Amino acid sequence: MQAYPDVSFFPRAAKPLTSYRPYWAKRFAERFGGAAPFLPMSRAEMERLGWDSCDVILVTGDAYVDHPSFGMAVVGRVLEAQGFRVGIIAQPDWQSAEPFKVLGKPNLFWGVTAGNMDSMINRYTADRKIRSDDAYTPGDVGGKRPDRAAIVYSQRCREAYPEVPIVLGGIEGSLRRIAHYDYWSDKVRRSIVVDSKCDLLLYGNAERALVEVAHRIAAKEPVHEITDVRGTAFVRRESPPGDDPWFEIDSTEVDTPGHVEEHINPYMTTAEQAAAQGQSCSKADGEEGRGTGSGTARDIGGSAEAAVMPAVQPITFMANPALQGRGSIKRLPRARTVIRLPSYEQVKSDPVLYAHANRVLHLETNPGNARALVQAHGEGTTARDVWINPPPIPLTTAEMDHVFGLHYARSPHPSYADENGSHDGATKIPAWEMIRFSVNIMRGCFGGCTFCSITEHEGRIIQSRSEDSIIQEVEDIRDKVKGFTGVISDLGGPTANMYRIGCKSPEIEAACRKPSCVYPGICQNLNTDHSALIKIYRRARALKGVKKILIGSGLRYDLAVKSPEYVKELVQHHVGGYLKIAPEHTEGGPLSKMMKPGIGSYDRFKQMFEKYSEEAGKKQYLIPYFIAAHPGTSDEDMMNLAIWLKKNGFRADQVQTFYPSPMATATTMYHTGLNSLKGIHRDVGEDGRTEKVDIVRGEKRRRLHKAFLRYHDPNNWPMLREALKAMGRADLIGNGKHHLIPTFQPLTDGGYQSARRKNSTPPGKTAAAARTTGPSAGAGAPRSAVTPPKGRLLTQHMGLPPRETGAARKGRRG
């Protein structure tokens, strides 16, 4: 077996998670047989464990599912392994503080999170409409968490027990750690550290910071003195204590370059050059100049205006602090350097400074070279700084194995069971059902897609589990999880095929500031070897009792084509008829703002996919996903995408519209209209160095971009006809196969058929009728069980034929 050493490229190695001395309360776990079956959610459960109180109480906006894909379960089990008694309050009624007192007063601190998703994205659609469902709630019921849940929960915890420290975490906190644009209120909001009044914010995957903070609070260290932990943010009103000085880099403004003169044509004579500038260097002019007593000014300028010269200022050369070790100049010590961002008040009123602050934040995300950041909030007596320490050092393979190998029940808490004691009926939790038979093999993503928040939360450095740890979890699912039929739904993570892939050089990785390792092309320093992943696939599917290993995570196809052996392995053994990938667009303009590869990469992968499918004798299909209304997308771009979709025979059921999540680079473009991937300066415009970005705003234009993706829907044809005529492309309107939309307009009822049952209006019914009678077989039943009417194509996300199962497949074979 190949060995992967647990090494760290950081100058100061992090303390291993398993090296702490267990907290004294661990004796309770040992007395009652080790880890608790479930972390307690009631006083009765605490009493059965022999507890009189909890050391830490976790408050979450999700239902409690004891599974390593749910953040609160991971946090709770990690703390439990350190000896702490941990209770959970899941989806409490936030109308008062009483539900927050159900487990009593925590001895050490509150741990607060909005849940696995940002609460606003969870509750609202991209059109700011309230969702009727919540995949993290029993029964898929909406409305079980408040807007901005992390802030509301923190306030109620403070109200319940004012003296108990509040430690905030989760993706909602990670994405709001500095002043950020809020799509739902359409304004810039303060850091969540200020709004929630938490004592400490842990951002990113926080096991390392969490364990250190918990032990330091347990050792009676005041929480306001815990200011040196990586991956934390807090409010600071005074200068940092200590004898070592801090070096502050002022980055509160951007430069305003002056006028840049055009280059002089070297093939012009001196006289021609002077004439081109409206001046003269003839002998006569020179003699005339000397007669006036203007001397040098006349000689140089040749005109009266040139006689007035500004005072000559000496040029001062400043030493470059980056030239480490050369002469007497040394680089500023990174560990004692902080970058001051523009204040909240500045970024709130100045889009240029907002774009600049966001760009700096993204440049300071590599744990190997990131510096601390500070951003002022308030003025005068209310002024305080939000201090953000560098990101946490990633977990080693051994630490990842430890976290994922803890005692998880891999099931929702028993309190959610229905009258039959099952979680598969009316109380089913859709998010758990989706990952019930899946295995997370790694963390992080170095793709750097600007619309995605994974890298802002998990980072760009891949953290992988060992092969043995992954196989052990597959065996646990096979042997212990109720309802397992032999099919593992996913072996993946944020991206399916980044397992054990990273920089070839630890030194380069520690110094790199690139936002992506795969854009605009695969970095020459990136190791693209998929052999470790192939080995896991083969070993997992060879296990007794495992019939099929599917890959459900999104695939980075431009990376996959670097390993034909991997593509062959994937296509021939791990695709269940359909494989989802995300080109996101076909046109260069929006793709450059997304930091996604060109459509040519998709075509190359498609060729390999079809080749290996044919070799295996399988009919398999790619399901490409696209985004409408992304910054940098013109109406013509969407029209060209629609033409591409029709040419390739795709009909999109599920349409993704750009959703500006906090802190994402694409959200900065949406808010400011500037491309923060490039340098930010004051000279914005065609001749300036700061690039403007076409922003799709307003409901009408966003609907148009969505309509282009659903060009086949008759409800969209009137809008598309009007737009095509305005764009001068009426030639795309007609009844031929080469036309985008027809000239005729059938009678429509405004129905919309989606792959999501609750968001569908069955054809032939009004929305009101659909609500009265419920979903018909065509909209609500499993697609594999539906026979489409003659002449009507049944779509599978992207216009694909229905999946054949059971009797249908046997009949075809017979």
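Predicted model: local features only at pLDDT ≥ 70, side-chain atom pairs only at ≥ 80, totals over all residues.

The structure holds 24 aromatic pairs. One of them joins Tyr-183 and Trp-184, whose ring centres are 6.0 Å apart; their planes stand at 75 degrees, so the pair is edge-to-face, the cut-off for that class being over 60 degrees. Both residues of this pair, Tyr-183 and Trp-184, are buried. Phe-437 and Phe-484 also form an aromatic pair, but this one is tilted, with 5.7 Å from centre to centre and 55 degrees between the planes. The pair links distant parts of the chain, since its members are 47 residues apart. Phe-437 is in the loop between helix H15 (430-435) and strand S15 (438-440), whereas Phe-484 is in the loop between helix H17 (467-480) and strand S18 (487-488). Phe-437 and Phe-484 are both buried. Elsewhere, seven residues form one aromatic cluster: Tyr-557, Tyr-602, Phe-605, Phe-609, Phe-626, Trp-644 and Phe-650.

The cysteines deserve attention next. The UniProt record, an unreviewed entry, lists Cys-445, Cys-449 and Cys-452 under "binding site". Cys-445 lies in the loop between strand S16 (442-443) and helix H16 (454-458), and Cys-452 is found in the loop between S16 and H16 as well. Cys-452, at 23% relative accessibility, counts as partly exposed. With neighbours within four places in sequence left aside, Cys-445 is in contact with Ile-454, Thr-455, Gly-459, Arg-460, Ile-462, Pro-494, Thr-495 and Met-498.

A disulfide requires two cysteine sulfur atoms within 2.5 Å, and by this rule the count comes to zero disulfides. For Cys-452, the nearest cysteine sulfur is that of Cys-449, 6.2 Å away, and Cys-452 is in no disulfide. Cys-512 is likewise in no disulfide, the nearest cysteine sulfur being that of Cys-517 at 6.1 Å. Cys-512 has a relative accessible area of 28% and is partly exposed.

Ile-462, one of the contacts of Cys-445, is also touched by Ile-501. Ile-501 lies in the loop between strand S19 (490-492) and helix H18 (506-511). At 4% relative accessibility, Ile-501 counts as buried. Not counting residues up to four places away in sequence, Ile-501 touches Phe-446, Ile-462, Leu-526, Asn-527, Thr-528, Asp-529, His-530 and Leu-559. Among these, Asn-527 is 26 residues from Ile-501 in sequence, yet the two are 5.8 Å apart in space, C-alpha to C-alpha.

Ser-196 is found in helix H7 (residues 192-196). The relative accessibility of Ser-196 is 2%, so this residue counts as buried. Its side chain reaches the backbone oxygen of Ile-192 at 2.7 Å. Beyond the neighbours within four places in sequence, Ser-196 is in contact with Ala-150, Ile-151, Ser-154 and Leu-168.

Helix H26 (residues 699-709) has Arg-702, Leu-704, His-705, Ala-707, Phe-708 and Leu-709 buried. The cover over the buried residues of H26 includes strand S22 (621-628), helix H24 (635-647), strand S23 (656-657), helix H25 (665-672) and helix H27 (717-726).

These places belong to a chain of 814 residues, of which buried residues make up 52%. Its secondary structure comes to 30 helices and 23 strands. Among contacts between residues at least 6 apart in sequence, 73% join residues at least 24 apart.

Notes: Residues numbered from 1 in each chain as written. Heavy atoms only, no water. Helix = DSSP H or I, 4+ residues; strand = E, 2+ residues; numbered from the N terminus. Buried < 20%, exposed > 50% of the residue type's maximum accessible area, 1.4 Å probe, protein only. Polar contact = N/O pair within 3.5 Å; in protein donor to acceptor, adjacent residues only side chain to side chain. Contact = heavy atoms within 4.5 Å. UniProt positions renumbered as here; feature names shortened; annotations may be inferred. Phe/Tyr/Trp six-rings, centres within 6.5 Å; stacked < 30°, edge-to-face > 60°.
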